[in-house]
Amino acid sequence: MSDLDQVRMWAQELIELHLDPRVWTFGFDHAKMRAGLCDFGKKRISLSRYLAARYDDDEVKQVLLHEVAHALAGARAGHGAKWRAIARDLGYDGSRTHDGSAASDLAPIVGVCPAGHEFYRFRVATRPLSCGRCGRGFNRDNLITWHRRDVA
């Protein structure tokens, strides 16, 4: 688990090294389904405080490098060749650091279809949902039943 103050220092160092610190800022956000974000409109790189607290230091550094590479490559680069070249030059190893596991750890709402597939949500579904793994389109035979659980 990473210390959030240390993460903030790493992020600031990367911004000072590779971006203009008078323009770009860093902060933590409350995302639970993604690790980092490069917001081109606000010129802000952010990390999920939940995931940063769960990741080890190397994983957090990789997320920071990933987002700085986005800032350097530009809004239209996506994960294309230009972004990959910049990310590699920064030291990003190309591994996926986030696989959605935070949702299964943190989500207070759990759904199960008749076949046993599990789904995690942070808000109660507003309409009936059926399992997309069991069949395409809505099907009452694949209806997901939801329940609330305690999350520490």
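Mentor: Happy to! Let's start with the term itself: a salt bridge here is a side-chain nitrogen of Lys or Arg within 4 Å of a carboxyl oxygen of Asp or Glu. Please keep in mind that this is a predicted model. Side chains of opposite charge can pair when their charged atoms come close. Asp29 and Arg34 make such a pair, with their closest N and O atoms 3.0 Å apart. Because buried means under 20% relative accessible area, Asp29 falls in that class at 13%.

Searching the whole structure gives two salt bridges. Arg22 counts as exposed, at 76% relative accessibility, while Asp20 is partly exposed, with a relative accessible area of 27%.

Asp3, Asp5, Asp56, Asp57, Asp58 and Asp93 form a negative surface patch. Take Asp56 as one member of that patch: you will find Asp56 in the loop between α2 (49–54) and α3 (57–73). A patch residue needs over 30% relative accessible area and no salt bridge. Asp56 has a relative accessible area of 38%, so Asp56 clears that area cut-off, and it is classed as partly exposed.

Key
Residues numbered from 1 in each chain as written. Predicted model: local features only at pLDDT ≥ 70, side-chain atom pairs only at ≥ 80, totals over all residues. Heavy atoms only, no water. Patch = residues over 30% accessible without salt bridge, like charges linked within 9 Å, V, L, I, M, F, W, Y side chains within 5 Å. Areas by Shrake-Rupley, 256 points an atom, 1.4 Å probe, with all protein chains shown as cover. Lys, Arg positive; Asp, Glu negative; His and termini not counted. Charge placed at Lys NZ, Arg CZ, Asp CG, Glu CD. Helix = DSSP H or I, 4+ residues; strand = E, 2+ residues; numbered from the N terminus. Buried < 20%, exposed > 50% of the residue type's maximum accessible area, 1.4 Å probe, protein only.
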